[in-house]
Amino acid sequence: MADENKNGGSGAPSGNGKNGGKVGILEKVSTTVKEDVQALKTDIPTKAKEQIDGLKDPTKTQVYTSIFRHKHDDTPRNRALGVLSNVFLHLHPAKINRDAVRYSYTWGMGGITFYLFIILTYTGVLLMFYYHPSKVQAFRDVLYLEHDVPFGKILRNMHRWAAHLMVIGVWLHMFRVFLTGSYKKPREFNWNIGVLLLVFTLLLSFTGYLLPDDQLGFWAVTVGTNMARATPMLGHEGPFGPQLGMTPYNDVRFGLLGGSIVDANALLRSYIWHCIGIPIVASVLMIVHFWRVRKDGGISGPAPVVLQEEADKPRRGPKAAGE
Ligand code: HEM
């Protein structure tokens, strides 16, 4: 019986004789081959399926891995590498303070203000396709946009509403920065950049107001620029202005309007400041502003909160031993 088992339990004569041995080996080989064929029958389809699935998964293709160098699985190292090796994501820090980005802390207001600026730039460029900054055309172009241009009304209103919201957003952002004391060391410089951004946001709004060339804009700009008469030293009605030779025809108001009244030159100047000058300066300031947020150690944030599971973890190092 023992021999039978050794020979594969075939019941053939055991390997004492020459022929008996051969038969035993042949049977062994055939069984192994049978087993292998059986295994291949089940393995090949499984492996083929795995490979097809792999091809179906775009993250496994060579094209994908040539662009994205790192896996997106949830390890801290891969997450950091994923951020650092992407041109857009690397603008953000790889790690941030969990509490600093809570909506209840920042209100998301800086980001919302920036988002509105992007909307304004986009819709503003589209509006430029229809608008001429001339006394004859300007108001007609606005009517044309409102009534005839496909989606013109929504385009104009998106621009108007985003402008109002950006002004509100920038004030709320400044208010939050003040409430959280984020103007203090080391963020004093960025606060000052912020003040400039506030001024340029208001100037964008003000210069845009004249462009429809309607009564509202005309009188708003008349009143606004009249204030410039009283600028110290630079306005003809301001302190030391007359003594320094300022008249209605050479003072700062004259420079703003391109004349002594709100007319065609004022419209053209508003247009150029509104579409080119101020957006360029504001964009540069925003780049500096965001860069400084990172360089000043990220968003200020309250003291880090320790999660319960983190607090429960056994500590390492000499401090833990002493405790
Ligand atoms: C166009 C206007 C502005 C944009 C787009 C803008 C955008 C941002 C963004 C995205 C942040 C990151 C944190 C957050 O979202 O709250 C930030 C932070 C900051 N902003 Fe502004 N901002 C603007 C105007 C201002 C103004 C008017 C001030 C103050 C006068 C200011 C002062 C600051 C300061 C000090 C920080 C750092 C805050 C912290 O670390 O907690 N920004 N800004």
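Modeller: Phe240 is exposed, with a relative accessible area of 57%. This is a predicted model. Phe240 sits in the loop between α10 and α11. Its phi is positive, about 65 degrees, although Phe240 is not a glycine. Most residues other than glycine have a negative phi.

Met233 belongs to the loop between α10 (215–227) and α11 (252–257). Phi of Met233 is near 70 degrees, again a positive value in a residue other than glycine.

Next, the aromatic residues. Phe218 and Trp219 form an edge-to-face pair, because their planes stand at 90 degrees, with ring centres 4.9 Å apart. The structure holds eight aromatic pairs. Phe218 is partly exposed at 22% relative accessibility. Trp219 is partly exposed too, at 48%. Elsewhere, Phe178, Tyr183 and Trp191 make up one aromatic cluster.

The peptide bond joining Lys185 and Pro186 is cis, with omega about 0 degrees. Most peptide bonds are trans.

Now the metal. The iron atom of the ligand is coordinated by NE2 of His173 and NE2 of His289, at 2.0 to 2.1 Å. The site has six donor atoms and is octahedral, with angles of 85 to 179 degrees. His173 lies in helix α8 and His289 in helix α12, so the pair ties together parts that are 116 residues apart in sequence. His173 and His289 are both buried.

Last, the nonpolar packing. The largest nonpolar core has 13 residues. Phe117, Ala162, Met166, Leu197 and Met286 touch the most other members. At least two residues of this core come from each of α6 (109–128), α8 (152–179), α9 (188–210) and α12 (264–295). Take Met166, leaving aside its neighbours within four places in sequence. Met166 is then in contact with Thr113, Leu116, Phe117, Leu120, Thr201 and Met286. A second core is separate and has ten residues, among them Tyr131, Ala138, Leu257 and Leu267.

Key: Residues numbered from 1 in each chain as written. Predicted model: local features only at pLDDT ≥ 70, side-chain atom pairs only at ≥ 80, totals over all residues. Heavy atoms only, no water. Phe/Tyr/Trp six-rings, centres within 6.5 Å; stacked < 30°, edge-to-face > 60°. Buried < 20%, exposed > 50% of the residue type's maximum accessible area, 1.4 Å probe, protein only. Core = buried A, V, L, I, M, F, W, Y, C linked by side-chain atoms within 4.5 Å. Helix = DSSP H or I, 4+ residues; strand = E, 2+ residues; numbered from the N terminus. Contact = heavy atoms within 4.5 Å. Donors = N, O, S within 2.8 Å, 3.2 Å for Na, K, Ca; no water. Tetrahedral: all angles 85-135°; square planar, octahedral: opposite > 155°, others 65-115°.
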